[in-house]
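Hello,

Here is the structure I promised to send over. Have a look at it first, and my notes on charges, rings and confidence follow below.

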Amino acid sequence: MPTTATRDALTAGFLLWGALLVLETRRGWLGAVLLSLAVATRADAIALAGPLLVVASLPLEGGRRLSRGAAALGLGLSAAAFMAGPLLRETHAPWVVFHHTFIEYKAFPALETPPLDVAAWASWSLRALPQFKAPAPLLFTLAGLAALVLGHRRAGRRDAGFALALAVLAGTGVHFALVPGLWPRLMFPYWVLAALALGDRKSTRLN
């Protein structure tokens, strides 16, 4: 059993606490910072952090959750963290990681990876789509879709549950396209938020 926290667990914590703060409290700016820290910890977290910041800044039922200034701050910090990730963490660029992980192992990825091939990237992602038939991805994807339908029936696009489900599903799609593997340790925050979106029966603020 691991005795120390992993980067994946830290990222999940930043994402979930950041989502709570931007969607349900008046400390949206702090939530925006936490979401950007999630991206600094794992670059692929931008797939969920970005949509969360966008939908939280929209005028939802019960009032705007996040000011446009705080949303812009979070998006700017997240973009900077994403771009600086390979330098700060001494990791490789997204295409290098994708090619090394899914297409062909390289002893020296930074030197031996061929130029970006969008067609090959898309092809591998499409071939991985059957992973959504596994119990957990299927269950929480259906939960997100159900939350979209129910939320839209309650208050249309202004419903908080609808907005959260939209962010989660958009993030899931982008994350899967970038890293086509639905590993539980990476998808945990997506699935938690999908369940919360489905359980949202009214659009209210906690404060």
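A residue is called buried under 20% relative accessible area, exposed over 50%, and partly exposed in between (1.4 Å probe, protein chains only). By that scale Arg-154 is partly exposed, because its relative accessibility is 32%.

Some housekeeping: this is a predicted model, so local features need a pLDDT of at least 70 and side-chain atom pairs count only at pLDDT 80 or more, while totals for chains, interfaces and linings use all residues. Residues are numbered from 1 along each chain as its sequence is written, and side-chain values use heavy atoms, with hydrogens and water left out.

On confidence, pLDDT is the predictor's own score for each residue, from 0 to 100. The protein chain has a mean of 85, with 89% of its residues at 70 or more. Helix α3 (residues 46–56) scores highest, at 95, and helix α6 (residues 109–112) lowest, at a mean of 77; helices here are DSSP runs (H or I, at least four residues), numbered from the N terminus. Residues 203–207 have pLDDT below 50. Where pLDDT is low, the predicted coordinates should not be read in detail.

Now the charges. A salt bridge here is a side-chain nitrogen of Lys or Arg within 4 Å of a carboxyl oxygen of Asp or Glu, and the structure holds four. Arg-42 makes one with Asp-8, the closest N and O atoms being 2.9 Å apart. Arg-42 sits in the loop between α2 (28–41) and α3, and Asp-8 in helix α1 (residues 7–24), so this pair ties together parts 34 residues apart in sequence. Both Arg-42 and Asp-8 are buried. Arg-42 also meets Asp-44 at 2.7 Å, N to O, and Asp-44 counts as buried because its relative accessibility is 13%. Arg-154 pairs with Asp-159 at 2.9 Å, and Asp-159 is buried, at 1%. Through shared partners, Asp-8, Arg-42, Asp-44 and Arg-185 join into one salt-bridge network.

Then the rings. Rings of Phe, Tyr and Trp (its six-membered ring) pair if their centres lie within 6.5 Å; planes under 30 degrees apart are stacked, over 60 edge-to-face, and the rest tilted. There are five such pairs. Phe-132 and Phe-176 are tilted, because their planes stand at 55°, with centres 4.9 Å apart. Phe-140 and Trp-191 are stacked, because their planes are at 10°, with centres 5.6 Å apart. That pair links helix α8 to helix α10 (residues 184–199), 51 residues apart. Finally, Phe-98, Phe-102, Trp-121 and Trp-183 form one aromatic cluster.

Best wishes

Definitions and conventions. Helices (H or I, at least four residues) and strands (E, at least two) are DSSP runs, numbered from the N terminus. Contact means heavy atoms within 4.5 Å.
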